[in-house]
Amino acid sequence: MQPFQLPEFYMPYPARLNPNLDRARAHTKAWAHEMDFIDVPQHGTVIWTDEDLDSHDYALLCAYTHPDATADDLDLVTDWYVWVFYFDDHFVELYKRNPDVQGAKAYLDRLPLFMPVDGEIDAEPSNPVEKGLADLWSRTVHAHSADWRQRFADNTKHLLDESMWELLNISEGRLSNPIEYIEMRRKVGGAPWSANLVEHVTGMEVPARIALSRPLGVLRDTFSDAVHLRNDLFSYEREVLDEGELSNGVLVLEKFLELPTQEAAEAVNDLLTSRLHQFEHTAVTEVPSLLDENGIDPAGRLAVLAYVKGLQDWQSGGHEWHMRSSRYMNKGVALDSTPVLGGPTGLGTAAVRSLIATAPQRLRAFSRPRYTPVPDLGRPELDMPFPLTVNPHWKDAKEHSVEWARAMGMFEDVPRVWTEEKLRDYDFALCSAGIDPGGSVEELRISALWLTWGTYGDDFYPVAFGRSSDLPAAKLVTARLKEMMPLEGVAPAPTTPLERGLADVWARTAESMPADNRRQLRQCLDDMLDSWVWELKNQHENRVPDPVDYVEMRRRTFGSDLTMSLARLGHGRLVPAEIYRTRTLRNIENSAADYATILNDLYSYRKEVQYEGEVHNLVVVVQNFLDVDVHRAYRVATDLANARLAQFRHSVAVELPALFEEFRLDVPAREALTAHARELENWLSGILNWHEQVVRYHPADLEKHFGHHTTLTRAFHGPTGLGTESIRALVRR
């Protein structure tokens, strides 16, 4: 008996079948035998038999996911998928069933030898996985640019290396939290790697200068998440009940939200649907402007459109294969589109039914009432094990930041966002004093100026551009702000308080930095500025963000990367740059950032929802996604914050020492990374203390600073915003 009934999936794109299927089946079976995948024992265990390969039918998968591929391309792509699934089963049998961490690491460390970005393979394969990879790599990469080869190599390496994350979790009996799971599943699941093969099959590469842009990144990530969440639903029985796997989204939500398995499966399907909605929204509303703003030529535009279509084909084809393959739980699933109770059955009706079935979820995201009263939710029950120490130079930095803001013209700006009284109440120097308890007077002053300027900008954008819906003006202001941060030479003369503040604090911070550090800092600030424009776009659409997109963008809007970058750069060149790109350091920094951003959302919920009409708050996002009341959403957000803090502590206590040994870091590098972890602990305790102490979020002070403005805003905009009553009526139906 199946552990749950498969939910109704959102699938608006019809699956199509490549006519070269039979040839691909015959070719890949012969190839699998040639690579020793079939009936060749590995450490005494036969991984696959002919019957296994036939019943899994990976040629059918590729014929569905690449319906327009040529016969030769379909053969090649099918071989790649046979290899990747064989690798997965090979790794399970040899290293997961009886966890062997050291053996797995040695096994994975050899695989990059068989996928050089440049040059030829000179290593000799020692097992079928290496033999298959060497053959496929030599047949694939020489037809592509260096940029594509690098991206494909990176994604293949992630796919292989992150298998260690799954193995370590099994060894420790550790279940990941939902945010961690989505991030890591994206790498270990292989869908970004699949997206590279989509480019190969189209015969066109996405232009290199936009390949790493936010819109293209969102398309890749939403595609990946949807593919993996769909696989989790179909493979729950095999992975969780048979293999003892902990890396499954249904299991993660089942335990984290304390849901019955069926309800957890429905929640995973809702997240899958949300990610597909995000894919469509990005393709329609963000990609066209990306192409225009970057001057992409017709050939490049055609490549992007072919890429988007290829990803859509993969979604529908992958779903069709999951319903047919013996590898997965699919008993009782209808393989045609005929509704049980009859109704239209012609071309396109299945897609229409899919759209109608998920319309309430889609429309709910655009119909949230704004400026709604917030009930008493109490103080969030946040864990904080790290002690607080406050820098004795706090009050000096506070007075200095107030005088600086006055000199920059922030109290006379139009529109007027702050007064001196507001800034004194906000007391960003107190936050800096907790974050950097041992800093000098000058270091604390600079830290307080960054927090002052960043929060002023974050407050300025919605006031200046949120009500006018003038996104082009916001983009022009953003472009001007980027000019205030020259990597070389002199910035143009600033003309506004926002420009003057950034130009001044940039010059104080960046001029003495090495060029590489200056570029890194500039990138963090560029990302933060662009994220403010992203918020405005959602605000204009009255759109509550998709939960995954929100969490990942919130790190940028909060400025987490900026403050962490400043901390990292303070360690000079003691730590090799590649160490900061490892899974361990990303886990440490992302989990710390998420705790900080969620605690900010919890404390600022009343300010943002009741007084500012915001949609960018995790409580709002959770409430919209789970369709629950505010009290339940508040508890879920609090639990997420505490789960991320627990992950931070685990990564520091367990993963960081393992990293030291894995990379054989010297004593100065180990001390620098240990100090970085302690700095993040100060960062977290200092941010929490600031939220507890300052009056920016206290109800009485909110009424003092915002009450009159909110009354006027409600009177002007109405309680719900243009068209939302009609949308809510549709949702109720």
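D135 has its place in helix α6, where helices are DSSP runs of H or I with at least four residues, numbered from the N terminus. The model is a predicted one, in which local features need pLDDT of at least 70 and side-chain atom pairs count only at pLDDT 80 or more, while totals for chains, interfaces and linings use all residues. Residues are numbered from 1 along each chain as its sequence is written, and side-chain values use heavy atoms, with hydrogens and water left out.

With a relative accessible area of 22%, D135 is partly exposed; the scale calls a residue buried under 20%, exposed over 50% and partly exposed in between, using a 1.4 Å probe and protein chains only. Leaving aside residues up to four places away in sequence, D135 touches W31 and M35, where contact means heavy atoms within 4.5 Å. The C-alpha atoms of D135 and D100 are separated by 27 Å, although these residues are 35 apart along the chain.

## Helix α1

Helix α1 has 14 residues (21–34) and should span 20 Å at 1.5 Å a residue, which agrees with the 20 Å between its end C-alpha atoms; the expected span is 1.5 Å times one less than the number of residues. Its buried residues are L21, A24, T28, W31 and A32. They lie on the same side of α1, because they cover an arc of only 100 degrees around the axis, the arc being that of the directions from the helix axis to the C-beta atoms. An α-helix has 3.6 residues a turn, so residues three or four places apart point the same way.

On the other side of α1, D22, A26 and E34 are exposed. The cover over the buried residues of α1 includes α2 (50–56), α3 (58–65), α4 (71–96) and α6 (128–140). After α1 comes D36, whose phi is positive, near 70 degrees.

## Enclosed spaces

A search of the whole structure finds 4 cavities of 30 Å³ or more, a cavity being a set of points on a 1 Å grid over the protein atoms alone where a 1.4 Å probe fits but cannot get out, with lining residues having an atom within 4 Å of a point. The largest cavity holds about 510 Å³ of space, and of its 33 lining residues F85, D88, R185, G189 and N231 are the closest to its centre.

The second largest cavity holds about 390 Å³, and among its 24 lining residues P178, L253, L271, P547 and L640 lie nearest its centre.

How values were computed. Helices (H or I, at least four residues) and strands (E, at least two) are DSSP runs, numbered from the N terminus. On a 1 Å grid over the protein atoms alone, a cavity is a set of points where a 1.4 Å probe fits but cannot get out, and a pocket is an open set with protein on both sides within 12 Å along at least five of seven lines; lining residues have an atom within 4 Å of a point. Grid points are joined across faces, edges and corners, and a volume is the space filled by probe spheres set on the points.
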